Amino acid sequence: MGRDRVIVVGAGHASAQLCVSLRQGGWEGEIVLLGDEPSLPYQRPPLSKTFLHGTTTLTDLLIRGPEFYEKEDVTFRHARVTGIDRKAGTVALDDGDALSYDRLVLCTGARPRSLAVPGAELAGVHALRDAADIEAIRGTLRTARRAVIVGAGYIGLEAAASLRKLGIEVAVLEVADRVLQRVTAPEVSAFYDRVHREEGVDLRTGVGVAGFEGDRHVRAVRLTDGTEIPADLVVVGVGVLPNVELARDAGLAVENGILVDEHGRTDDPAIFAAGDCANHYDVRYATRMRLECVANALEHAKAIAGAICGKENPISALPWFWSDQYDLKLQIAGLSTGHDEVLLRGNPADGRSFACFYLADGRLIAADCVNRPKEFMFSKRAITQELAPDRELLADPDTPLISLLQTPARSAP
Amino acid sequence: MGTITFVEHDGTPHQVELEDGSSLMELATNHGVPGIDGDCGGEASCGTCHVIVDDAWITTTGTRTDLESQMVEMSPECGPNSRLACQLRASPALDGLTVHLPEFQM
Ligand SMILES: Cc1cc2nc3c(=O)[nH]c(=O)nc-3n(C[C@H](O)[C@H](O)[C@H](O)COP(=O)(O)OP(=O)(O)OC[C@H]3O[C@@H](n4cnc5c(N)ncnc54)[C@H](O)[C@@H]3O)c2cc1C
Ligand code: FES
């Protein structure tokens, strides 16, 4: 009898962690990792940060080196999965092969949303999701003079900062009336707005893109009010769509992501989904959510490995995120959804270091910390422990945070 | 080449080959040492690579930087020899180094 086989589709953050957690959990069967990118799993966050303007190579970004996969007996194969046959328990590959699975884990991630405007296919208009995108952008950097970034989310703003570092003129266009609108408080948006302007970015909010001008290569971006902004490089960062097609075509439930329970399991007990493509039931928040961050991908992978190895470990970790722009190290703990109060420690209107705490009913639920690692680590602990710290002390920069960790947990009203 | 030993909180040792220039976090994750996550990939952003350098070695490795201090000092397991493994570069001088892992990463 052959060994049982786990097939992992997609070679990214979730799948790299899954390989580790499966072996640590005692899985002795085969692990086959199928990825449509040629590389072993690599770190995606640096793509818009150091990788864009730096000299690092893809090898430097590998989450784990090739020797890890060899030692842990994980087979990597560069192939795209084109279909799942649940009855037969097989997946079909684009090279015509089919492989059988005992457990299947979908870690297919997300793909960039494209702008449905004329000229979106012109040369010089790029998305920013994978190493190939970056190689393409890097190839143009020596001649690029003026870049336009569409979308002022984290990735767009990081790309803007990276390109400014190279001395390229940068304009950032955002349809909402402030940067980072979807994810932060107005105070934090105003801070990033100020810093990008100080760094020489031509930042325009409340503007729509009507199209890209040029013959073969992009020459300008046309706004809905008719204004043209010259550009020889355009980076579009307007969000992502979860890669759910494999699951949907196989008849699995899909709704803003592949629906999974707190163990990462779909409605087919042999099939799991993890990372950006999965919409999970979260034990901590007692609700469903789909997140797009490394911490979430890792937590999903750990829960799934637990379920496969018979050591339940439901999805419950506190989500967190980070973003590097210029000399700003932003670290975010928790989810701010549902906050009813914002407290500041330090002044975002001046300088480059502050923390923005989000509270709900007096309890700390999230924090955006700019160049404040201590506040970030404090928040991770305080949120996990459901503390309701004294407001005045929390906002007082002279009160040592560690003293606030001793505040007794307040019981729910 | 030499070796570096990571000792889990329960005392289980993991000896890994020292690779000059790699960070201790990379060495640990490449060898699947349990108890070092390295979630941020070595950017000193996550604090999940906390290690405690063995007393005998702290003068060789040096004590933590200010940034590392800010990251690890909120951990209840933080001690004078606490460091972030991603900020510690392996070099031949560290052949034989032992570091201890906390019970929990934050
Ligand atoms: C530029 C950039 C910066 C980011 N910065 C941060 C950050 O600072 N902090 C943070 O927490 N998060 C950040 N993120 C988000 C983070 O990278 C994602 O949340 C994370 O990569 C999700 O991991 P995943 O395993 O779900 O998917 P991915 O890492 O996207 O991996 C999915 C893989 O599956 C492959 N695939 C898809 N379909 C198939 C198929 N049918 N067959 C085979 N292979 C397939 C894809 O090509 C891809 O390689 C950033 C993302 C980007 C793009
Ligand atoms: S790996 Fe994240 S802080 Fe060291």
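## Chain B

Chain B contains three helices and five strands. Their order along the sequence is β-β-α-β-α-α-β-β. Like the rest of the structure, this chain belongs to a predicted model.

How far does the C-alpha trace of chain B span along its principal axes? The answer is about 35 × 25 × 25 Å. Chain B has 106 residues, and a compact globule with that number would have a radius of gyration near 13 Å. The value for chain B is 12 Å, so it agrees with the globule rule.

## Chain A

Chain A has twelve helices and 26 strands. Its C-alpha atoms fill a box of roughly 65 × 65 × 35 Å along the principal axes. For 413 residues, a compact globule would have a radius of gyration near 22 Å. Chain A has 23 Å, so this chain also agrees with the rule.

## Annotated regions of chain A

The annotation "domain: FAD/NAD(P)-binding" covers residues 5–300 of chain A in an unreviewed UniProt entry. Within residues 5–300 the chain is 24% helix and 30% strand.

Residues 320–404 are 25% helix and 39% strand, with end C-alpha atoms 21 Å apart.

## The shell around ligand 1

How many residues surround ligand 1? There are 32, and the closest are Asp36(A), Glu37(A), Lys49(A), Arg129(A) and Asp276(A). By residue type, the shell divides into 16 nonpolar, eight polar and eight charged residues.

Several parts of chain A contribute to this shell. Helix H1 (13–24), strand S2 (30–35), helix H9 (294–309) and strand S22 (320–325) each supply at least two of its residues. In terms of domains, at least three residues come from each of domain 1 (5–111 + 240–309) and domain 2 (114–236) of chain A.

## Polar contacts and cover

Which atoms of the protein lie close to polar atoms of ligand 1? Arg129(A), one of the closest residues, has a polar side-chain atom 2.7 Å from an oxygen atom of ligand 1. Backbone atoms take part as well: a backbone N or O atom of Val81(A) lies 3.0 Å from a nitrogen atom of the ligand. A polar backbone atom of Cys107(A) is 3.4 Å from an oxygen atom of ligand 1.

How much of the accessible area of ligand 1 does the protein cover? On its own, ligand 1 has 990 Å² of accessible area, and the protein covers 96% of this.

Note on methods
Residues numbered from 1 in each chain as written. Chains lettered and ligands numbered in written order. Predicted model: local features only at pLDDT ≥ 70, side-chain atom pairs only at ≥ 80, totals over all residues. Heavy atoms only, no water. Near = heavy atom within 4 Å. Polar contact = N/O pair within 3.5 Å; in protein donor to acceptor, adjacent residues only side chain to side chain. Areas by Shrake-Rupley, 256 points an atom, 1.4 Å probe, with all protein chains shown as cover. Helix = DSSP H or I, 4+ residues; strand = E, 2+ residues; numbered from the N terminus. Nonpolar A, V, L, I, M, F, W, Y, C, P; charged D, E, K, R; others polar. Domains from an automatic or database assignment. Rg over C-alpha atoms; globule rule 2.2 N^0.38 Å. UniProt positions renumbered as here; feature names shortened; annotations may be inferred.
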